[in-house]
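Hello,

Here is the structure I promised to pass on to you. Please open it and keep it beside this email while you read.

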Amino acid sequence: MRDKGNLDRISSLSDELLAYVLSYLPTLSAVRTSILSSRWRHLFTLTRNLSFNDREYFGTASLAQCEERKLSFERFVYGVLALHRTSPIHKFSLIRTLKYDCSHLLVWITAAVLKEVQHLHLHIGNHPNALPSCILNCQTLTVLKIYTLGYDLSVPGVVCLPNLRTLDLRYIRFLDGDSVKRLFVGCTQLKELEFHFCQFTTDHVRVSATKLQKLNIFYCSGDVVVDAPNLANLLYVCKDFTSVDVTNLRSLLSVELWPLRSSMLPQVQVLRDIIRGAVNVRELILNHNAAQLLTVIGDNPTPTYSKLERLLLGDCFHDTWKYLTPWLANSPQLETVVFREVT
C-alpha cells in the first residue's frame, strides 16, 4: 500500500509480528488500531497480553458519567474476551477502581484461566472473601499478583498451582491459618513471595515453601513463621510490629532490613535474631535504625560473618560510622562498604 510514494512497511508485516507488537500496548489502545484499515481490523484479537484498566477507559469522566461508562467498560471487556482468538495468553491484567458485580469479575478471571494464562495481575479493590477456585487450580499460572483493599483471605478447598513461581499479595488479611497452610502446600514450585501491607491476625500463619528463594515483607503487622530451607534473599521493611520467624537463617545470602523508627523496641529481638542467625550472608543492607538497634542493644557479641562481601548503610547520619566497628572486625572477606546519606 502506497501513500504519496511512501511504502507502508508496517502493514506489510505478518499478523503474528503485528500482534506481538500490539501485546505491549494496553488492550484499549490495541483495540483502537482496528479502525486504521481492514488490514488491522482483527489484529488485536491475536495479542498474547490482555490489560484492562478502567482508569484509562474513564479518562476525566465526572461521577455522573462514571456510572454510565462503567457499563460501557463491562461491555468492552466482554467484547474483547469474546473476540480474542489466541491461547495460551502470556499475561492478563485487570485494574478496576469502581465497584462491579462480583459475577463479572469471576467470568473475566475464569476466561483468563481457560486461555491458559501464565501471568495473572489483579488490582480489584473489594472482593468476596474466597478466591475463585479456578485461580487456585490453574495449571499454567507462573506469576500471581493480587492487590486488594482489606481483603480477608479464605482458601475453601484444595490448591493446585504446580507451576507458580512468583506470588505477590497486597492488603490481605490472614484470618485463618488453615487457609494459609492449604495455599502454600499447593504452591510446590514457589520461589518468590511478597507481602505488602498485609495483616497476620491469627496465631497460626505459617508459610511453608521448600523451594522459596526470595521473601519481601513491606509494612505488615502480626506474626508469621517462614519455613523455607532454601531462602537466599530477605527484604524486611517494618513500621508496625511484625514478628517474622525464619526457621533457617543460615541459608540467607542477602539480607536487607529497614525499620522505620529506632524506638521500635518490640522489633529489636526480631531484627537481632535475623541478623545474628544469617552468618553466611554475602550482602547486608541496613538503614541507620537497624544498624543502631542491632549493634547497641544487647550484650551478645557480633558474630563472625566469614562470607560477607558487601555492606550497605542507607539513610546514614553523621554518627552512623560508630556502628561499623563490629562489622569490620568480624567480616574478613568484606570488600565493599557503601554509605547513603539522608537527603
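Below is what I found in it, starting with the whole chain and moving on to a few places.

First, some notes on how to read it. This is a predicted model, in which local features need pLDDT of at least 70 and side-chain atom pairs count only at pLDDT 80 or more, while totals for chains, interfaces and linings use all residues. Residues are numbered from 1 along each chain as its sequence is written, and side-chain values use heavy atoms, with hydrogens and water left out.

The chain has ten helices and 18 strands; these are DSSP runs (helices H or I, at least four residues; strands E, at least two), numbered from the N terminus. Of its 343 residues, 49% count as buried, where buried means under 20% relative accessible area with a 1.4 Å probe, protein chains only.

Helix H5 itself covers residues 102-114. From first C-alpha to last it reaches 18 Å, close to the 18 Å expected at 1.5 Å a residue (that is, 1.5 Å times one less than its number of residues). Among the buried residues of H5 are His104, Trp108 and Val113. Just after H5, Glu116 takes a positive phi of about 60°.

Next, have a look at strand S6 (residues 143-153), where eight of the eleven residues are buried. S6 pairs with strand S7 (residues 166-174) in the parallel sense, over eight bridges; strands pair if DSSP finds at least two bridges between them.

Finally, where does Ser23 sit? Its place is in the loop between helix H1 (15-22) and helix H2 (27-32). Ser23 counts as buried because its relative accessibility is 8%. The side chain of Ser23 reaches the backbone oxygen of Ala19 at 2.9 Å. Leaving aside residues up to four places away in sequence, Ser23 touches Thr47, Arg48 and Asn49, where contact means heavy atoms within 4.5 Å.

Enjoy exploring it!

Best wishes

Conventions. Buried means under 20% relative accessible area, exposed over 50%, partly exposed in between (1.4 Å probe, protein chains only). A polar contact is a pair of N or O atoms within 3.5 Å; within protein, one must be able to donate a hydrogen and the other to accept it, and residues adjacent in sequence count only if both atoms are side-chain atoms.
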